[in-house]
Amino acid sequence: MSQNASTDVLIIGGGVIGLMTARELALAGADVALVEMGGTGRQASWAGGGILSPLYPWRFAGAVNALAAWSQRAYPELCQALFERSGIDPEYAASGLLILDPEERAEALAWATAEDATVEEMDIERIEREEPGLATKTRSALWFPDVGQVRNPRLTKALHASIAPDVHIREHEEVLQLSVENGRTTGVRTTAGEIQAERVVVCTGAWTADLLGKLGRKPDIQPVRGQMILFHAKPGQIRHMSLLRERYVIPRRDGRVLIGSTLEDVGFEKRTTAEAKEELYRTAIEMFPLLKRTPIEDHWAGLRPGSPSGIPYIGPFPEVDGLYVNAGHYRNGLVTGPASARLLADLLLGLEPILPPSAYGLEAPRP
Ligand SMILES: Cc1cc2nc3c(=O)[nH]c(=O)nc-3n(C[C@H](O)[C@H](O)[C@H](O)COP(=O)(O)OP(=O)(O)OC[C@H]3O[C@@H](n4cnc5c(N)ncnc54)[C@H](O)[C@@H]3O)c2cc1C
């Protein structure tokens, strides 16, 4: 089927970054189309946990935390707006995050003071009161009461439904090539034909380096596999998100509990493994013995758009006019999505950017 078409702005990739970028641009009045090789919201943005904070935020670059902080402020209203428009509830919940690794207490407290984030030290009695099912023996923990979560598969569905009246969404159509003439973008060639566009925004997550590499500049984005398991406990049995030795537990409103996640360098291999399932199960039971009586309901893997510094690439592609990138969000694409989308839209539309953009540029030096 040949479907030649034209648009002002074309977004490539229908994960959370592409969908949010399309939304921002459409809200600003641009003529926007989005092309996605599968269904929207089926890759990393589906597989993720939905914790709205970098894990151990003090370990991250200021550029990541700046996107996260802006997005954290935007999320409650954004989810409300998406729900009102689409009828799909992304289940934003400020369920709080309990960090059970006490080793970096001083760094965490210094970070919280500098960033004006709320963090409290919890002693063992309070931990037992707040999270009675938790068995991990730590004498104290750090409690981040304001950290929220979203149910990300529903977030992307709500985004898709909200923008569909204004954005032409083309699914199951892969972009094979970015078209450039005389140093200017002219659109793309896809499995279904040509799409002409004045401006193109590449939001292709883990697949970004291949697509852009053909133009001679390859951002350092590699797939990093993450596996997760899911239990179906009773609502309220586990109340808060908790984090221990890089493994986290996320309770959803309906009682489902996610445990994640692995960090694996295996290229584009998305299969799950028995070893990861076993290791995640052991951690889950160690933290919450009540899960022993709960069957595992699901086990999946996703490919994060890994970048060495974790700082996403947001901005114009230097060698091609009209071409932009919003990709490489690694472990934090859900928490940094709203700010990343808005920043890209600001740059593309020539508006005052919400954050200084230099740290995210394709030519910016990265730590
Ligand atoms: C196990 C796991 C847990 C995570 N937990 C969290 C968390 O708790 N909090 C958090 O903030 N982040 C988390 N993340 C990270 C987060 O999910 C990602 O950073 C985010 O989803 C990236 O969004 P994206 O839109 O860039 O990528 P994706 O969701 O992967 O979307 C990219 C899209 O581009 C499409 N595409 C690619 N190439 C083409 C092409 N040539 N033509 C057309 N379409 C194309 C793909 O099909 C895909 O749909 C987690 C990730 C994983 C895997």
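Helices (H or I, at least four residues) and strands (E, at least two) are DSSP runs, numbered from the N terminus. This is a predicted model, in which local features need pLDDT of at least 70, side-chain atom pairs count only at pLDDT 80 or more, and totals for chains, interfaces and linings use all residues. Residues are numbered from 1 along each chain as its sequence is written.

**View 1. Helix α1 and the glycine that follows.** Just after α1 comes G29, with a positive phi of about 100°. (Buried means 20 or more other C-beta atoms within 10 Å of the residue's own, exposed means 12 or fewer, and partly exposed is in between, with C-beta atoms placed from the backbone.)

View 2. Look here for A276, L280, T283, A284 and M287, which are buried. They cover an arc of only 100° around the axis, so they sit on the same side of α8 (the arc is that of the directions from the helix axis to the C-beta atoms). Over on the other side, A274, E275, E278 and R282 are exposed.

View 3. Strands β15 (residues 313–316) and β16 (residues 323–327) run antiparallel, joined by four bridges (DSSP must find at least two for strands to pair). G315 stands opposite V325 in β16. Six residues lie between the strands, and G322 in the turn has a positive phi of about 85°.
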